[in-house]
Structure formats: C-alpha cells, structure tokens
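Here is a short briefing to read alongside the model. Please have the sequence and the 3D view open as you go.

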Amino acid sequence: MTSDIENKYVIFKLENEFYGINIENVRSIERIQNYTRVPNAPSYVRGVINLRGEVIPIIDLREKLGLTIKEVDNNSRIIIVSVNELIVGLIVDSSSEVLEINKEKVDRPPASEENEAEKYIKGIGKDEKRLIILIDLEKLLITKA
Amino acid sequence: MDIDISQYLDAFVEESKEYLQNINDILLNLEKDTGNKDLLNEVFRVSHTLKGMAGTMGFTNMANLTHDMEDLLQALRSGEKEVNPEVIDILFECFDRLDTCVNYISENGKETEEEHTDLINKLKNILNDNNVEISKDESDKHENKETLNEYVLNVIKKAKTEGLNSYRIDISLNKDCMLKAARAFVVFNTIESFSEIIQSQPSAEDIEDEKFDLDFSITIVTKYKKDEIEKELSHISEIDKIEIVPIDISSSISDIEKEPDTNIKNTESGAEQKNDSKDHKNNSPAKNIKIGKTVRVDIDRLDNLMNLVSELIIVKTRMEDTSEQSNKESMNEAIEYLERITTSLHDAVMKVRMVPIERVFNRFPRMVRDLSKELNKEVNLEMTGEETEVDRTVIDEIGDPLIHLIRNSLDHGIEHPEERVKLGKSEVGTVKLKAYPDGNNVVIEVEDDGKGINFSKVKSKAIEKGVLTEVKAENLSKEEIIDLLFAPGFSTADTISDVSGRGVGLDVVRSKIESISGSVEVETQENIGTKFIIRIPLTLAIIQALLIKLKNEIYAIPLSSISEITSIHSTDIRDIHGQEIILYRNKTIPIVRLDKLMDVKEIEGKDEITVVVVRKGDRQAGLIVDELIGQQEIVIKPLGKYLCNVRYLAGATILGNGRISLILDVNSLF
C-alpha cells in the first residue's frame, strides 16, 4: 500500500512544463485568495493567507524557480504542502491531476546546476509523451536562496 | 513486551513527575527533620507507588532502582538504619536519576538502557554497611518477590498443614494463539474447577487485558496430584507447554529462601522472562512515541466550559429564530448575549490553560540546597505566591531564566558567612522568590540580601572587555551600567566557577524573557541586596493590541508595550546625525518610520503625524503610523517555521473579516 502513495504525484503546470509533487506532502489545493504581504520576507514569499484559522505563508513558485513572473489568474492554484512540520502554500499556474509514476519511469535529474530550478529537481518522470519534473520539496523549502 | 503502552505513557509521565516532586519535597523536609517518621513513611509510600507504576509500564530498570530505594527506606523506617546526610544524599541521587529516567521516557517513549547498577550498588552498600544480615534478606526477597509474597507463603503453609499440595504451573501458550486472554481464561477456569488459585503472574487483571506475552504462571493449592493436573490441562488446545512444579515448604517460612528447589526454579524463570522480554524489544521496531504537553485541569473549570458551550448553543438557536422574524431588537439582544458568553468562554479557556507557578518554583529549594552546599554559603530560600497562575506556555519558558537568576544571587549576591558577620548581617543569607499577579501581568521577583551590584566593578570590567571606553564610562548613568550586565558575554565574577562566570547569564535571561514579551528590571543597593523583577504577560495566546494602518495594510501593536499615542507636526522631527528624533515631554525619543521599515510603497509626506510611543524597559521610541484603527483583543497565531526569521514581526492575527494582520515585534525595533 505505501509504495502506491510513494509513486503518486500531484501534477501542476508552470509556464509550459509539467511538475509533480509527491502526494504525501500535499495537504490540499486551494483557489487563489487574498493574502497579506509580509514585509522583509524573501521576495518570492507573496504573503500569508488564512486557511481555516491557520496562518500559512505562500510562495510564488515561478519566482522561486527563476521563471518569469506572471500575474495570478483564474486558473492559478495554491498547493498547500507540508514537509517536516513546515507548511507552505505554493502558487502554480494550474493544477490538474494526480498521476502514478512508477520508479522505473523516473530518470535521474540532469547533473548540471546552471539554473535555479534544477537545484530542486528530484527526477524526471515520464508519462506517455509528457515529461514531468518531480520537485524535491525538502530542498525547495529548506534551502533558503 | 508486546503490549501497546503508548496510550498510558502520558499519564505515566505526568503522574511520575508529580510523585517525584513529592519525593523531592519530602526529602528536603526530611533533611531538616531527620527524625520525622511520617515523612519517611510518606516517601516510602510514594516510591512504592512509583515502583508499581514503572513495573506496570515495563520499565524494569526504573522499577529495579525504586525497588532498592524502597529497601533502604524500609530499613530507615524500621529504625535499622539512621537518617544521616550520607543517606539523604544517596536518596537525592536516586531521585535525580529517576527524574532523568522519566524525562528520557517522556522524550523517547521508552526506557534508557542504563541499569543503574552504580546507584543500586551504592544503596546496597549503605544497607550492608550497617547490617549484613538485613541486606542479604532484602536482596533475597528481591529475587523471590516475583513469585512468592508473604500472603502466598502463608496460604501455602496452611495448605500444607491441611494435607493439600501446592504447585506452580507455568503455562506457555502457542504463539499462533489468537485470543490469548480468552485462552488464558479457559486455563484459569479449568484450574479453578479443581483447585484454588492463590496467585498468578502476571496478575489476573493483566491477563484478562491481555497484558502478557505467551507465558504466565499460576500458583495453586489443590488436593490433586501433579499428573492429575497435567491430564486436566492437556485437554486445552493452543498450549505449547505446561510445567508443573510442586512448591515445597517443608522448612519454616522464615528461611523459605534456603529451599533450593523453588528458589532456583524461581530465579531461573525470572531470568527466562527477562530474556524473553528483551528479545521482544529487539524484535519490535523501536516505536518513537512523543509526549505532548499536558495540563491537569480542575473538573470545575471543565464544567464551567461545558456550561458556556451549552449557552452558546442556546444563543445560536435564538439567533436562528430571530433571523426568521428579522426583528432587529431581539437580534441585538441575542448579539449582546453572545458577546457576554464569548467573553466568559475566553476567560474559562484561559483558566484551563493556567497552571500554578509552583510547577516552576518547586524545583528551587533543592537547587538552592545543593548550590549553597557547593559554594559553602548558608542560604535560606523564601518563596511566596507559588499559587499564582500563569499560562502553560509561559511556565515552560520562565524556568531557565529563574534558575539563572537564583544561581546569580547565590554566587554573586550572597556573601560567605564570615564576610556577612563582618558586615553585621545574619550569617544566613536570604533569597526571596516572590510571584504575584499585577493586572494582565505576572510579576516574579528574585531578591537577595547580598552585596549588591558593584557599579565601579562593572564599569572596569566593561572597559577591560572593550565594551566601552573609559571616557564613556565616566558619564554612564546607573541604569546604563545595569544595562551592561545584560550585554552578551558579560560577567563580573573574578573566577569562573561551576555556578556562574561563564558570561552566558543575564543576556540569555533577558532575551528569553523578552521572547515571551516580558521584561526584566533590576534594583540594587550596595551591601543591602539586589532585586530582579520579571514581568511576564498572563497569557501568550490572546492579547490586547492597537490596530494601526500603514497605507492600506493593517498591523497590530501589543498594547502592553505602548506608553502613549500623540500627534505631532512634521516640523517637530529633527535630524541628528542621521537619526530622527523628537522632543517629547522633555525627553528626546528616536523616531521610527514604520512605513519605511515595513517597505510600504508610495510613502506620502503629511504635516500632521500620528506617533505611537512604545517602550522597552525604560527606553522609548516613537512609531509613525498613518492611521489608528482602535484597540482590539487579538489571538496570536505564529507565522510558522518558514517565516520565523522575518524581522520586526512577532506573529500574525486573524481579523474579524478573515484577513490576516501582522503583529509588530516592538522589542526588535530598538
């Protein structure tokens, strides 16, 4: 049973690429809502939202990964993730589905670290024609850059 | 063992701590009043309970230690051994060890591997020292205890005289056995049909609750012979092994231990059992059970909460009714009623979270005792106001700062007895620890009648350390000198002692207290004493705050750090060496432009400026805000681990409209 969960990923889109986060770490997916700016926080931290009484910081994943920044729109979603007691919301362009990607279908990430995004890649998953970039959440949230 | 004990762990830790505290108090009293039999009885009783509790939880090492402690206490109680400082010290040592054990258990959910042989040997030595006979007796009893107690022996003896046989039946269930308790019940029933069960190991209740592995043993008295019993029991399925051992007490009870057969048998089975349980431990993956913070709550307070909640429900239905009729007046009435209930509810919940400060204070008598011994000083600790209640979260934070302060008082404050006599003071120094509520704060004072703070010494030390120049030192005010004490790495102790002088003292105290939005003040007078005054909020969860606006963002400033609000003209602000200040009530106070600090875009200059004057200790600063909204009770929510390092913010709160407002950390603005 556990191996099933390990291989399941929540898939979302940024720019034209598909990304995946292990479903174990995903608490919920929310629509964009009003947030409060947090001054003096890193620039990619958009602010904090009130999620059913909990104060949760939200991160613009585009900015964090060094992609061009885009205004949020109707398709934008906030994926609430938790890693090691850290709870953070990630703003993504859209989120569609949950996919099961077997370990055999996951390639190791490219070795070069020339851009910001590649530091946080755990692997590249293959699903039919699509390539899905699997994100290493721990690295993404704990290393503050 | 296989039993899932995690659900009892909380209770175990909580209760053990209570009992340990009890032991601590009694030992302290016992030290003063060595002849007091009541105290001895009490401490014996408590450690006995502890032993039982540890035993039930399967913490054998802890149980063994308490057992030997009990032996010593028994000897003290019966007068075979006298209460002397050596004995008290060893008892304290045991207490410390038990304390560590319990802490380890609470953190890891399992016992330490440490078997405490050092302490057990010490305990045995003390007993041996006095009376070899007793100690042998005691240790023998220890071995035998598992299987035969006095009551059982009596019954067996009586049975013997009546011509009945007594046996011990060791039964091992088949490891595939599904319903162990039920199977054991069948065994019990069968045995009961032809004999009288006088003891079972583990106890019948435990077996009923399936609190056993696969083995259990029963001691019975019967007129049946061994082979007859075997035949009876052989009908029961799912049993691996039955061993029937006759208990032979041909000789008198007093030296039952000398009876070789049972004795060897007993110890053997004991060892077997131990091995068994150890194997099990290794097999089962180490479960990591963490204990949450708990609060013991008076049932009355819970009842009160319950009442309020039911009132809340009543008001809810009432509002539903009125909304149908859309009658404004009755709606208002209902809202008023609701308001009253929420206030009381808030009050009641707060009270549930409150814990008497005693929980922190009660470790100090012991600490002062040990420290004064170590420092060769005579110190009397006077505590008042232990019943003062503070929030549970505060309790956890103030322990360390208070320890620091008391250590300081003992080490730096109180003089040696000779010196005190020379100064015309009583030989015995006094440290007063006082707690009392003061409005929305709790004040804790640590006061000693020692030598006070030597200002010139502090100054010269500061110059030596390069904290300030000689010229500057000349002009320092008393307050500024005291402030030096709180600088990181500062210590006036000439030599580094075990107790203090490492310079990690007062700055830690201040930062810790300030982290829970409290403050520390010092009053001192040479040769009369020093008083540290700690002020901490009653609760951390809910505070009164002033809501202000910067542009269109709302921020909250804790009311406790606001001294006043005023309005000034922009020309009142003067720029002195890049620092903006205003002259206010004949004091110059620095100005903080919050909008700049909070990175607000498009700042517009205004002529009429609203300034919120905040204070930290006796320093003040003026915060420029755009607009005041008003005072409100806010619930503090943490910003979470991810943003915990963001400057100037102490947390966030959720406003009535669901939006989040950030709380300013006033202390960090200075």
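Predicted model: local features only at pLDDT ≥ 70, side-chain atom pairs only at ≥ 80, totals over all residues.

Residues are numbered from 1 along each chain as its sequence is written, and chains are lettered from A and ligands numbered from 1 in the order in which they are written.

**Chain B overall**
- Chain B has 22 helices and 22 strands, taken as DSSP runs numbered from the N terminus (helices H or I, at least four residues; strands E, at least two).
- Among contacts in chain B between residues at least 6 apart in sequence, 68% link residues at least 24 apart; a contact puts two C-beta atoms, placed from the backbone, within 7 Å.

**The α12–α13 pair**
- Helices α12 (residues 299–325) and α13 (residues 328–353) of chain B pack at about 160°, their axes 9 Å apart; axes are lines fitted to C-alpha atoms over the stretch in contact, and angles run from 0 to 180 degrees between N-to-C directions.
- α12(B) and α13(B) are therefore roughly antiparallel (over 145 degrees).
- Residues making this contact include Leu308(B) and Leu312(B) of α12(B), and Leu338(B) and Ile341(B) of α13(B).

**Where chain B meets chain A**
- In this interface, 19 residues of chain B contact 19 residues of chain A.
- β22(B) gives the largest share of chain B's side, three residues.

Notes: Parallel < 35°, antiparallel > 145°, perpendicular 65-115°, else oblique.
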